[in-house]
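Hello,

Here is the structure I promised to pass on. Have a look at it first, then read my notes below.

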Amino acid sequence: MTTHTVLLVEDDTDQREMYLLMLRMMGFAVRAVGDAAAARGVLEREPVALLLTDWYLPEPEGILLISEVRQRDMAVRTILMSNAWHVAPVADAAGADGWYRKGESLDDLRALIQRLLTPVEIHDTAAAALA
(Lines give C-alpha, C1' and ligand atoms only; values in the text may rest on other atoms or scores of the structure.)
Protein backbone atom coordinates (compact mmCIF):
# COMPACT_ATOMS: atom_id res chain seq x y z
CA MET A 1 0.00 0.00 0.00
CA THR A 2 1.24 3.48 -0.87
CA THR A 3 1.88 5.91 1.99
CA HIS A 4 0.63 9.31 0.96
CA THR A 5 2.21 12.52 2.17
CA VAL A 6 -0.18 15.15 3.50
CA LEU A 7 0.85 18.79 3.73
CA LEU A 8 -0.98 20.31 6.71
CA VAL A 9 -1.05 24.12 6.84
CA GLU A 10 -2.47 25.47 10.09
CA ASP A 11 -1.26 28.54 11.99
CA ASP A 12 -2.94 27.61 15.29
CA THR A 13 -0.43 25.36 17.10
CA ASP A 14 -3.01 23.41 19.11
CA GLN A 15 -5.16 22.70 16.06
CA ARG A 16 -2.10 21.81 13.99
CA GLU A 17 -1.07 19.25 16.61
CA MET A 18 -4.58 17.77 16.73
CA TYR A 19 -4.79 17.35 12.93
CA LEU A 20 -1.21 16.08 12.81
CA LEU A 21 -2.00 13.34 15.32
CA MET A 22 -5.18 12.36 13.45
CA LEU A 23 -3.35 12.16 10.11
CA ARG A 24 -0.52 10.09 11.55
CA MET A 25 -3.03 7.73 13.16
CA MET A 26 -4.55 7.33 9.69
CA GLY A 27 -1.13 6.18 8.46
CA PHE A 28 -0.06 9.21 6.47
CA ALA A 29 3.35 10.83 6.32
CA VAL A 30 2.71 14.44 7.34
CA ARG A 31 4.53 17.71 6.75
CA ALA A 32 2.98 20.25 9.12
CA VAL A 33 3.68 23.96 8.72
CA GLY A 34 2.22 27.15 10.12
CA ASP A 35 2.11 29.47 7.13
CA ALA A 36 1.81 29.68 3.36
CA ALA A 37 5.48 30.49 2.75
CA ALA A 38 6.58 27.27 4.44
CA ALA A 39 3.89 25.36 2.54
CA ARG A 40 5.18 26.67 -0.77
CA GLY A 41 8.65 25.44 0.16
CA VAL A 42 7.36 21.93 0.86
CA LEU A 43 5.36 21.89 -2.40
CA GLU A 44 8.49 22.85 -4.35
CA ARG A 45 10.74 20.26 -2.67
CA GLU A 46 8.70 17.09 -2.37
CA PRO A 47 5.68 15.26 -3.74
CA VAL A 48 2.50 15.73 -1.77
CA ALA A 49 -0.77 13.84 -2.26
CA LEU A 50 -2.98 16.18 -0.22
CA LEU A 51 -2.87 19.83 0.80
CA LEU A 52 -5.01 20.31 3.92
CA THR A 53 -5.03 24.02 4.61
CA ASP A 54 -6.72 26.48 6.92
CA TRP A 55 -8.45 29.35 5.13
CA TYR A 56 -7.29 32.18 7.39
CA LEU A 57 -3.51 32.12 7.53
CA PRO A 58 -0.92 34.84 7.81
CA GLU A 59 -0.43 36.18 4.27
CA PRO A 60 -1.51 34.73 1.97
CA GLU A 61 -4.70 32.89 2.83
CA GLY A 62 -5.20 29.18 2.28
CA ILE A 63 -7.49 29.75 -0.69
CA LEU A 64 -4.58 31.35 -2.52
CA LEU A 65 -2.44 28.26 -1.87
CA ILE A 66 -5.16 26.11 -3.41
CA SER A 67 -5.43 28.44 -6.39
CA GLU A 68 -1.65 28.29 -6.88
CA VAL A 69 -1.72 24.47 -6.84
CA ARG A 70 -4.47 24.52 -9.47
CA GLN A 71 -2.67 27.09 -11.65
CA ARG A 72 0.51 25.01 -11.56
CA ASP A 73 -1.56 21.95 -12.55
CA MET A 74 -0.12 19.95 -9.69
CA ALA A 75 -1.56 16.49 -9.03
CA VAL A 76 -2.38 17.41 -5.44
CA ARG A 77 -5.76 16.94 -3.83
CA THR A 78 -6.85 19.93 -1.75
CA ILE A 79 -9.11 20.53 1.24
CA LEU A 80 -9.94 23.97 2.65
CA MET A 81 -10.69 24.14 6.39
CA SER A 82 -12.40 26.96 8.24
CA ASN A 83 -14.77 27.84 11.07
CA ALA A 84 -16.66 30.08 8.63
CA TRP A 85 -20.18 28.97 7.77
CA HIS A 86 -19.59 29.81 4.10
CA VAL A 87 -16.49 27.65 3.62
CA ALA A 88 -18.17 25.38 1.03
CA PRO A 89 -18.77 27.96 -1.73
CA VAL A 90 -15.37 29.57 -1.12
CA ALA A 91 -13.64 26.19 -1.38
CA ASP A 92 -15.54 25.43 -4.59
CA ALA A 93 -14.61 28.81 -6.08
CA ALA A 94 -10.93 28.25 -5.23
CA GLY A 95 -10.97 24.86 -6.95
CA ALA A 96 -10.60 22.77 -3.79
CA ASP A 97 -11.46 19.09 -3.96
CA GLY A 98 -13.26 19.34 -0.64
CA TRP A 99 -13.91 21.40 2.46
CA TYR A 100 -14.17 20.84 6.20
CA ARG A 101 -15.88 23.10 8.72
CA LYS A 102 -13.71 23.15 11.84
CA GLY A 103 -15.53 22.13 14.97
CA GLU A 104 -17.54 19.47 13.19
CA SER A 105 -16.81 15.78 13.64
CA LEU A 106 -13.26 14.70 12.84
CA ASP A 107 -14.89 11.57 11.40
CA ASP A 108 -16.24 13.80 8.61
CA LEU A 109 -12.72 15.01 7.86
CA ARG A 110 -11.34 11.46 7.98
CA ALA A 111 -14.03 10.26 5.56
CA LEU A 112 -13.30 13.13 3.16
CA ILE A 113 -9.57 12.43 3.19
CA GLN A 114 -10.13 8.72 2.64
CA ARG A 115 -12.51 9.44 -0.23
CA LEU A 116 -9.97 11.70 -1.92
CA LEU A 117 -6.96 9.43 -1.47
CA THR A 118 -8.36 5.89 -1.49
CA PRO A 119 -8.46 5.21 -5.27
CA VAL A 120 -4.66 4.82 -5.40
CA GLU A 121 -4.74 2.44 -2.45
CA ILE A 122 -7.58 0.38 -3.94
CA HIS A 123 -5.64 0.08 -7.19
CA ASP A 124 -2.45 -0.90 -5.37
CA THR A 125 -4.28 -3.50 -3.27
CA ALA A 126 -6.05 -4.99 -6.30
CA ALA A 127 -2.79 -5.16 -8.26
CA ALA A 128 -1.04 -6.90 -5.36
CA ALA A 129 -3.88 -9.43 -5.07
CA LEU A 130 -3.60 -10.28 -8.77
CA ALA A 131 0.18 -10.69 -8.68
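**Helix 1**

Helix 1 has 13 residues, 13-25. At 1.5 Å a residue it should span 18 Å, and its end C-alpha atoms are 18 Å apart, so the two values agree. Bear in mind that this is a predicted model.

Five names make up the buried set of this helix: Arg 16, Tyr 19, Leu 20, Met 22 and Leu 23. They cover an arc of only 165 degrees around the axis, which means they sit on the same side of helix 1. The face turned away from that buried side carries exposed residues: Asp 14, Leu 21, Arg 24 and Met 25.

Both ends of the helix have a detail to check. At the start, a side-chain oxygen of Asp 12 comes within 3.2 Å of the backbone nitrogen of Asp 14. Just after the helix, Gly 27 has a positive phi of about 95 degrees.

**The whole chain**

The chain has five helices and five strands. Along the sequence they follow the pattern β-α-β-α-β-α-β-α-β-α. There are 131 residues, and 44% of them count as buried. Take the contacts with a separation of 6 or more: 61% of these are between residues 24 or more positions apart. The exposed surface comes to about 6,900 Å², with 54% of it supplied by carbon and sulfur atoms.

**The cores**

The largest nonpolar core holds 23 residues. Which of them touch the most other members? They are Leu 7, Val 9, Leu 51, Trp 55, Leu 65 and Leu 80. Strand 1 (5-9), helix 2 (36-45), helix 3 (62-71) and helix 4 (87-94) each give two or more residues to this core. Apart from it lies another core, of 19 residues, including Val 6, Tyr 100, Ile 113 and Leu 117.

Leaving aside neighbours within four places in sequence, Trp 55 contacts Glu 61, Gly 62, Ile 63, Leu 80, Met 81, Ser 82, Ala 84, His 86, Val 87 and Val 90.

**Thr 5**

One more residue to look at is Thr 5, in strand 1. Is Thr 5 buried or exposed? Its relative accessible area is 15%, under the 20% cut-off, so Thr 5 counts as buried. Again leaving aside neighbours within four places in sequence, Thr 5 is in contact with Ala 29, Arg 31, Glu 46, Pro 47, Val 48, Ala 49 and Leu 50.

Best wishes

Notes. Residues numbered from 1 in each chain as written. Predicted model: local features only at pLDDT ≥ 70, side-chain atom pairs only at ≥ 80, totals over all residues. Heavy atoms only, no water. Helix = DSSP H or I, 4+ residues; strand = E, 2+ residues; numbered from the N terminus. Expected span 1.5 Å × (residues − 1). Buried < 20%, exposed > 50% of the residue type's maximum accessible area, 1.4 Å probe, protein only. Arc of directions from axis to C-beta. Polar contact = N/O pair within 3.5 Å; in protein donor to acceptor, adjacent residues only side chain to side chain. Contact = heavy atoms within 4.5 Å. Areas by Shrake-Rupley, 256 points an atom, 1.4 Å probe, with all protein chains shown as cover. Core = buried A, V, L, I, M, F, W, Y, C linked by side-chain atoms within 4.5 Å.
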